[in-house]
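Q: I am new to this structure and would like a close look at one part of it, the salt bridges. Please begin with the chain as a whole, then follow the charged pairs, and end with the surroundings.

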Amino acid sequence: MMTLYENEMYMDDVRYVAGLDLPWQKLKGSSLMLSGATGQIGSMLVDVIMEKNINDGLDCTVYALGRSEEKAKARFSGIAGDPHFVFIPYDVKLPFVRDDLGKIGYILHLASNTHPVQYATDPIGTITTNIIGLQNMLDFAAAHEAERFAFASSNEIYGENRGDVEFFDEDYCGYINSNTMRAGYPESKRCGEALCQAYIAQKGMDIVIPRLTRTYGPTMLKSDTKAISQFIKKGVAGEDIVLKSQGTQYYSYQYVADSVSGLLTVLLMGEKGGAYNIAEESSDIMLKDLAAAIAGVNGKHVVFEIPDAVEAAGYSTATKARLDGSKLMGLGWRPRYGIQAGVERTIKILGEIDQ
């Protein structure tokens, strides 16, 4: 079976991000540590830094944290044995103590439950990863004198659109009923952001907060139950797309390469303490239109199906969540793909590697 490293379209995305005009010199001869390294965004970020090492002599050591060494070996087969890549088995909900690593350059907390079935079946883990896990990583960063820390937050912190704006800028705050199980994800992300501000104020740390929107792409995990991920799986299989609602939800999405380039832009160029939406309106779409677009790739149809209780319990209640990306674009970030091009590319790559 073809791996991502053997797929020319995926490697083109990696080379594209690695070739962007960013202040890469900040990472030269330094190190980058990230939790959630085998996840959708983290794994591509690892590939980008390693590509930069191999072709541009960045000389940046990547410390990749994750719970499963087996999963890491499978995902990072293309860089196995490279001395710049170090996988560390670690569950972020536990204290992180390593006396052999010395000063660390940049640290990113990307680990998180990120899709509906996880929210519904592991609500405790959802909250603790975003708060206790974050605190463990922040404490490690403080102890190892990290240059900068990034906490990957979420579009879900904005809550429900109050009907007063079309796009959420970084200061918007909508309604969330905190006294529910489903509130665990957005409320813990909100608390995580506040915790970052506390560490800035009390420990003098340099922290930035990239706010990711609904990310998709060829690095998506097979276990992902987000609507767009389920649509894409059906698209890859050449089947009809199953829509489990009326589909009027209007959200921002982002292709994974563009999410990674946005994340790196915030990490290397963002203002200390600042939050930045990684979004651009060419990837905003209603769910029913997204389903139709993916069905159209293979000439299939959209069919309606009632979700089961576990799935429904994990769904977001937000009906409109479009993010204003102008603050990040002010730093020079631009996405490479709109939603149509992005989903077509994702389906093509997954179709080639999933044989």
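A: The accessible surface of the chain comes to about 14500 Å², and 52% of that area belongs to carbon and sulfur atoms; such areas come from the Shrake-Rupley method with a 1.4 Å probe, and for residues only the protein chains shown count as cover. This is a predicted model, in which local features need pLDDT of at least 70 and side-chain atom pairs count only at pLDDT 80 or more, while totals for chains, interfaces and linings use all residues. Residues are numbered from 1 along each chain as its sequence is written, and side-chain values use heavy atoms, with hydrogens and water left out.

The chain has 12 helices and 14 strands, which are DSSP runs numbered from the N terminus (helices H or I of at least four residues, strands E of at least two). Because a compact globule of 355 residues would have a radius of gyration near 20 Å, the 19 Å of this chain agrees with that expectation; the radius is taken over C-alpha atoms, and the globule rule is 2.2 Å times the number of residues to the power 0.38. Along its principal axes the C-alpha trace spans about 55 × 45 × 35 Å. Of the 355 residues, 56% count as buried, where buried means under 20% relative accessible area, exposed over 50%, and partly exposed in between (1.4 Å probe, protein chains only). Among contacts with a separation of 6 or more, 82% are between residues 24 or more positions apart, a contact being heavy atoms within 4.5 Å.

Turning to the charges, a search of the whole structure finds 21 salt bridges, each defined as a side-chain nitrogen of Lys or Arg within 4 Å of a carboxyl oxygen of Asp or Glu. One of them joins the side chains of Arg345 and Asp13, at 3.1 Å from N to O. This pair links distant parts of the chain, since Arg345 belongs to helix α12 (residues 339–353) and Asp13 to helix α1 (residues 8–18), 332 residues apart. Arg345 counts as buried because its relative accessibility is 13%, and Asp13, at 0%, counts as buried as well. The two residues also take part in a network of salt bridges that links Asp12, Asp13, Arg336 and Arg345.

A second salt bridge is formed by the side chains of Arg75 and Asp47, which meet at 2.8 Å, N to O. Here, too, distant parts of the chain are linked, with Arg75 in helix α3 (residues 69–75) and Asp47 in helix α2 (residues 40–56), 28 residues apart. Arg75 has 14% relative accessibility and therefore counts as buried, as does Asp47 at 3%.

Arg322 lies in the loop between β14 (320–321) and α11 (326–329), whereas Asp284 lies in strand β12 (residues 284–286), so the pair ties together parts that are 38 residues apart in sequence. Both Arg322 and Asp284 are buried.

Just after α9, Gly299 takes a positive phi of about 65 degrees.

Elsewhere, Val310 in helix α10 (residues 309–314) counts as partly exposed because its relative accessibility is 40%. Val310 and Val117 are 193 residues apart in sequence, yet their C-alpha atoms are 6.5 Å apart in space. Not counting residues up to four places away in sequence, Val310 touches Ala120 and Thr121. Pro116, in helix α4 (residues 116–121), counts as buried because its relative accessibility is 10%. Leaving aside neighbours within four places in sequence, Pro116 is in contact with Thr225, Lys226, Glu311, Gly314 and Tyr315.
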